[in-house]
Amino acid sequence: MPASPSTARAINDRLALRLLQQEGPLTAGQLKQLTGLSRPSVADLVERLAAAGLIDVVGESGEQRRGPNAKLYGIVADQAHLAALDVRTEGVSVVVSDLLGGVLAEASVPIGGDTGTGPAVEQAVALVERAAKEAGVPELHTVGIGAPGLIDPATGELRDSGGLPAWHRRLVLALQERLPETRVHVENETNLAALAEQRDGVARDRDTFVLLWLGHGTGAAVVLEGTLRRGASGGTGEIGFLPVPGTAGLPSAVDCEGGFHSLAGSAAIVALAERHGLTVEARGYEPPAASVVREAVASAAAGAATAAVTGAVVGAATDFLDALADRLAVGVAAVVAILDPGCLVLAGEVGQAGGADLAARVERRIRRMSPLPTEVRVSALGGGAVLRGALLTARERAQDELFAPLQGRGAPPGHAAPPRGRDQLPPARR
């Protein structure tokens with residue numbers, strides 16, 4: 001059945017807004033060309049969207065032509081303001097932006113392991129409020145939160161976990177209480193890093209890939225045919241629980257010791273480095289494994305380029321990196337055998353520290369272990385991937401609501417809407 005006039009108008013409006021979001025400011029002529037609509041239809045939708053306060057004239061085209069330049073229309077960036085949070089065991093970082101993702105303020109606060117749940121939550125909430133005030137934002141429309149742990153697919157809430165601080169779960173509830181007019185959404189941090197890498201990072205040309213997060217612990221995110229997969233209980237990518245050879249036992253339902261975590265978690269990597277005679281020094285809140293991996297990569301590179309580094313140091317660094325790559329390949333090979341992703345992205349502090357050197361070592365081992373070709377890449381966004389993913393998610397959810405005025409306003413204020421069963425990503429850019 002053909003769409004009713006009102007439905008057709010809503011579809012056309014949404015299409016035009018998506019094009020303005022993806023392409024930036026456009027003239028009416030460009031909108032006509034990209035949408036395939038008639039000139040009168042484009043004129044009508046421009047008038048409707050401008051009257052609704054969603055778009056405005058932001059300049060003129062630079063075309064050399066007779067007569068006046070064409071007006072450029074763009075989304076009104078201050079129609080709504082967003083915040084993104086990266087919640088870690090040791091602290092919180094926040095970014096406040098406009099509707100187009102333009103950053104207005106950034107801040108972070110460390111939260112020590114001995115901080116009580118109440119004080120920790122208060123520090124985090126106060127950080128968001130200060131950042132919004134610094135940005136001159138009276139009210140946040142949407143807050144996106146990236147946190148470690150499982151997200152309940154039915155409720156969209158962070159599930160209780162004995163391995164994570166209690167203040168993580170309380171923070172979501174506290175933000176909903178303190179910001180009752182704000183939509184609050186929480187997502188697993190590794191999933192957000194994968195979304196960011198697919199949109200703006202190293203996986204822009206991939207519709208299918210797996211991101212392996214190596215930090216204090218381990219995690220993975222799975223994107224298949226452009227869609228982020230969460231699984232029936234939200235646990236897709238809990239690779240730390242993967243039973244692997246080379247550990248002293250098997251993981252349990254409440255403890256990933258004995259699983260892949262026992263080979264690739266920060267503590268396990270530090271122990272491996274020490275067995276190879278390497279010195280490990282903790283640096284701030286960075287996982288100790290990241291610093292020792294970074295130094296090993298630097299020593300191996302220096303040894304290959306100059307005789308200034310002793311053979312013993314180079315040998316220890318190289319042997320350590322080879323042993324680490326062997327460990328990582330065990331878990332990666334299992335993922336490749338099941339999913340055949342074609343591309344693996346090494347992310348997290350340890351993955352970033354290993355860089356192209358560690359990625360190449362892992363790729364060579366996978367090539368020998370599996371008949372399925374798998375390219376191993378390094379995160380392009382580094383430590384900012386989770387925040388970037390949280391901001392992208394907040395922006396998408398806010399735009400979904402604001403750009404569909406005829407379809408209601410989505411979840412009621414203060415409600416943590418459950419994540420959609422499928423997060424459809426834009427087509428890979430080839």
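Two strands count as paired if DSSP finds at least two bridges between them, and strands (E, at least two residues) and helices (H or I, at least four) are DSSP runs numbered from the N terminus. This is a predicted model, in which local features need pLDDT of at least 70 and side-chain atom pairs count only at pLDDT 80 or more, while totals for chains, interfaces and linings use all residues. Residues are numbered from 1 along each chain as its sequence is written, and side-chain values use heavy atoms, with hydrogens and water left out.

Five strands form an open sheet in the order S6-S5-S4-S7-S8, and their pairing is mixed. Because strand S6 (103-110) and strand S8 (183-188) stand at the edges, each with a single partner strand, one side of each has no neighbour in the sheet. Neighbouring strands here are turned against each other by 15 degrees on average, direction ignored. Within this sheet, strand S4 (residues 81-88) and strand S5 (residues 91-98) pair in the antiparallel sense over eight bridges, and Asp86 stands opposite Ser93 in S5.

H6 lies across S4, strand S7 (142-147) and S8, and runs at about 90 degrees to S8, whereas helix H12 (residues 385-402) lies across S4, S5, S7 and S8, at about 145 degrees to S4.

An open sheet of three strands has the order S1-S3-S2, with antiparallel pairing. Strand S1 (26-27) and strand S2 (55-60) stand at its edges with a single partner strand each, so one side of each is left without a neighbour in the sheet. S1 pairs with strand S3 (residues 71-75) over two bridges in the antiparallel sense, and Tyr73 in S3 is the bridge partner of Leu26.

A pocket is an open set of points, on a 1 Å grid over the protein atoms alone, where a 1.4 Å probe fits, with protein on both sides within 12 Å along at least five of seven lines; its lining residues have an atom within 4 Å of a point. The largest pocket has a volume of about 980 Å³, the volume being the space filled by probe spheres set on the points, which are joined across faces, edges and corners. Of its 35 lining residues, the closest to the centre are Pro148, Gly149, Leu164, Thr218 and Glu238. Helix H6 (189-200) and strand S10 (218-224) each supply at least two residues of the lining.

Conventions
Axes are lines fitted to C-alpha atoms, for helices over the stretch in contact, and angles run from 0 to 180 degrees between N-to-C directions. Contact means heavy atoms within 4.5 Å.
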